[in-house]
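Please open the structure in a viewer and keep the selection tool at hand.

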Amino acid sequence: MSYNPTQEDIALLYQSSRSIYARLEILNKSMKMVGTLEGVMISDRYIFDASANSRKTASISLYVSDSSFLIGNDRKIWFDKYIRLNIGIYSLISHEVVWYRIGTFIYTDARYSYDAATRQLDIELCDRMAEFDGTRNGVISGYQTKIYVDSPIRDAMVSTVTQLGGVDNFRITIDGTVPYDLEFNTGVTVNEIIAKLRDLNVGYETFFDDDVFICQRYPDTTADPVVLDDAITHDLVISENLSTSFTGVYNVVEVWGKCLDADTYTENVSYSGNVYSFTNTAISELSHGDDIGFKAPSDNLAGANLKINSFTAYPICDDSGSPISVGKIKAGKSYVVRYKRLGGTSYFYLLGEYQIVAVAKLVSKEPTEAEKEQDLQNNPTTNIFYVVEPDSPFGADLIGEIRNVLSGGEYDDIYSEDLAVQRAKYELWLSSDMKEEISLVMVDIPWLDVNQKIEYTPMSTGKLGVYMVRQKDSSTTEGTMNLSCVTFNPTYPWLDETQSQV
């Protein structure tokens, strides 16, 4: 949840003593508040993890005073209830409790103990993704679930979330269409279907923000503000651990996708006036979804077209639907295009060579033409992209090539060179930028969330840096939190599309 801290919020971080309170708002299935549970906090722990399936989990213990805290179907703690958890800190300045929303959760475990001295309620909580992944719900029974080719991905995800997941509050921003029929057998979870749809495009994340299901592009946060500047962070840090992983670091990623199977293939092809032309008697008409193979006689100019038999010449386009760039098609190579007809618009979508392959390479500076030519000799494809990061310590031109070859399994579903390039750049980001980590033990900040930026000057380096929070493990009662952060790099190409190609 995005939160804009005030001066009072900042002042609370420096308060010499803390009185901590918890307010648990009880919600029904319609997310309407039907009661509250208030008590003095004995202990608490919250884990926010940007990489976890359930982004938020919590464990709390309260001192309680009445029987409404008992567990049962007529009580406040039961399967049909949700908890909206708020943490309060008493302000010595305003003499009021300042409340912070932690999130909306479901119960995964609850224990109540009572004796003359103890009235303690222990609750384990998880965000609503538990209703999608089988933890508390989400397993689909009955007939096979099928999502058909060319269905808008967003529409399919909306239907999955609302009809199969029973969630009406969502924000889904994902484009594209389903490239082939997706079939799911009985016993699949809602989350597995969502993940399959999400991963058709590279770099998207799904999670619950409070009670809202979110599907969005992974935030690059370039335009987002720094929520903690160094002047504040420095005084709140108790200890630090700056680390760079030497395992799992790769600066060259090679992705092998699908081996394409065209409906027809032609080698007798001409190229004139920026139009590839050929005759193939096996093609009597062009139908949406036809995959057609041909051998290119020449490199293409920008915005090339393809003409088959006496049919109209249509543009050859990339994954975004834009005309292909110059040199995308190479002389002597065999390619597969897919005919697409959307409304009144027709074009050929360039899937790529018969074997889909892409290489992404991390470098500290733009390679020379001679270096690019050498890479063409040393790689299995001409589909090579360079990621230029001057500040990265992992550039192949600095430490030598460390290559990761990805194939089989989920990679076999990559059906175009454009998608293979996106995946290679994404995997390169995971195995380079995401390996520069810093761990901080700090004074607890209730309103700080994951995927937010903070500034900090590590004591070990003395160099000001900007970091993205990836995990927060905190306790309001103990007054501390452990942050796991990665170095923020605003120039990464799969985020801002800054890139170069051979």
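Select strand S7 (145-147), strand S8 (170-172), helix H3 (190-198) and strand S11 (212-217): the buried residues of H2 pack against these elements. Helices (H or I, at least four residues) and strands (E, at least two) are DSSP runs, numbered from the N terminus. The model is predicted: local features need pLDDT of at least 70, side-chain atom pairs count only at pLDDT 80 or more, and totals for chains, interfaces and linings use all residues. Residues are numbered from 1 along each chain as its sequence is written, and side-chain values use heavy atoms, without hydrogens and water.

Within H2, next select Ile-153, Ala-156, Met-157, Val-158, Thr-160 and Val-161, which are buried (under 20% relative accessible area, 1.4 Å probe, protein chains only). Then go to Gly-166, which follows H2 and has a positive phi, near 70°.

Move to Ile-324, in the loop between strand S20 (314-317) and strand S21 (334-342). Ile-324 is buried, at a relative accessible area of 2%. Beyond four places in sequence, its contacts (heavy atoms within 4.5 Å) include Asn-300, Ile-316, Asp-318 and Leu-350. Tyr-349 is 25 residues away in sequence, yet the C-alpha atoms of Ile-324 and Tyr-349 are 9.2 Å apart.

Finally, select Asp-318, Ile-324, Lys-328, Leu-350, Leu-351, Gly-352, Glu-417 and Asp-418, which line the second largest cavity. Strand S22 (345-353) and helix H7 (417-430) each give two or more residues to this lining. On a 1 Å grid over the protein atoms alone, a cavity is a set of points where a 1.4 Å probe fits but cannot get out, and lining residues have an atom within 4 Å of a point.

Notes. Buried means under 20% relative accessible area, exposed over 50%, partly exposed in between (1.4 Å probe, protein chains only). On a 1 Å grid over the protein atoms alone, a cavity is a set of points where a 1.4 Å probe fits but cannot get out, and a pocket is an open set with protein on both sides within 12 Å along at least five of seven lines; lining residues have an atom within 4 Å of a point.
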